[in-house]
Amino acid sequence: MKKIYYAFLLAVTIFGCKKSNEPLENKVKIPIEIIQKLKAAGFDTSEGLHEHGDGYIVEGDIFLTKSDIDRLSENPKSKISLSLNLKDRLFQSKDPIGHYVSNLLTANNGIRNISIYINPSFQQYIKDGLDLAISRYNALEFGLTFSRSTSSSTADIVISTVFIDPNNKPNNVTAYLMSSGFPTNGNPYNQILVNTYYYNSSSFYADIASTLAHEIGHAIGFRHTDYMDRAFSCGIVADGNNEGGNANHIRGTSPNPVSGSWMLACANGVDRPFTDEDILALNGTYPKLRNVYVKQVGTLISDDSYLIGCCDDRTLLSHNFTLEFYQDQNLTIPYTTTNNFVVKVFEYSGSSQLTRVFLVPNGATSYDLGTFITDVTYSYGTEVQNNTSGYSLAPFGGYYLAP
Ligand SMILES: [Zn+2]
């Protein structure tokens, strides 16, 4: 048995064997329009796709009903300020690995609490793993908090048992470790199923906390960070695992592969607390509002603007932009950052402006955004070319309430 296993689907050998032995009709039964809708939404349909209940298990551990799948093509009606638009999607192919979100929760002009109920029949180490997962989320101090609920009827997410024996399972059922889904109607997906074939009185999984955190991550909208290249965490996988697609990249998370994320497609049995990238993804997606005033200070480095002939001119300015943080609107009392302070800025590329986030180190009173180059060519006063680049809080100076 190989050490790498399909996240949250147990061993790759189980999966691999099943794949080769699987009757062809199991795949044929999935309607082509379902596959097309999933592909259009950026899901990998080449493996880990099975009919399940009144919907489908996608990418191994994501449960989507047929209506969920229909909704994938709708624009997310999220009120989260960081929900990204179509422009961002044009950049997807340039981002080999990053953090990605699906539809999001409607939260928040403040903090939203997500209550989780776990079936009491689970082993104590699983309940302890849930408590650890919750405490890790809450330690981030972002726009969501999590708590245990004593009532399944009032909980936002219910963690329930399911029993699927991989050796004796009904047709079209995947013997996953755990499954979850994406938010619907602005609320978290309400069910995480844990397969007691694997999680039982004789089992112990050292990565139980990060596995539960992973499934909770799906329930609040996060996709696999390597959804377009599952080989990154899964090793060599079946053909067609790189799917492209239109998951929403959280700009500011690394464009380079980062190991150890809680949302990698595959786990290796090792506990994975949140990485800095994970923290930025969570805080950037669901920011906690803070009463902090942010001033952008621009220092002119050079002005190489010039006239072209009679009627054209080029504005060519180089600035250094720094953000300063203050407690008061008069900008006199510095604010010292703490607890995963995230700033949201615009990333300029020509005339396009895309939102991105930065994680500011603790203990800072300012943050250097680096060089901002204004490079615009005008003809008879009309802009004909724009090569502006850099990061800026806004197109003009001033101060803003963070984030
Ligand atoms: Zn997953």
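Predicted model: local features only at pLDDT ≥ 70, side-chain atom pairs only at ≥ 80, totals over all residues.
**Strand S13 and its partners**

- Strand S13 covers residues 312–326 and pairs with strand S11, residues 293–303, in the antiparallel sense over 10 bridges.
- Within this pairing, Thr299 has Asn320 of S13 as its bridge partner.
- Strand S12, residues 306–308, runs antiparallel to S13 and is joined to it by three bridges.
- Here Tyr306 stands opposite Arg314 of S13.
- S12 and S13 form a hairpin with three residues between the strands, and Gly309 takes a positive phi near 60° in this hairpin.
- S13 is also joined to strand S16, residues 366–379, by 13 bridges, and these two strands run antiparallel.
- In that pairing, Glu324 stands opposite Ser366 of S16.

**Asparagines with positive phi**

- Most residues other than glycine have a negative phi.
- Asn185 is not a glycine, yet its phi is positive, near 50°.
- Asn185 is placed in the loop between strand S8 (178–179) and strand S9 (191–195).
- Asn339 likewise is not a glycine and has a positive phi of about 50°.
- The loop that holds Asn339 lies between S13 and strand S14 (341–349).
- Is Asn339 buried or exposed? Asn339 is exposed, because 12 other C-beta atoms lie within 10 Å, and a residue with 12 or fewer is classed as exposed.

How values were computed. Residues numbered from 1 in each chain as written. Pairing = 2+ DSSP bridges. Helix = DSSP H or I, 4+ residues; strand = E, 2+ residues; numbered from the N terminus. Buried ≥ 20, exposed ≤ 12 C-beta atoms within 10 Å, placed from the backbone.
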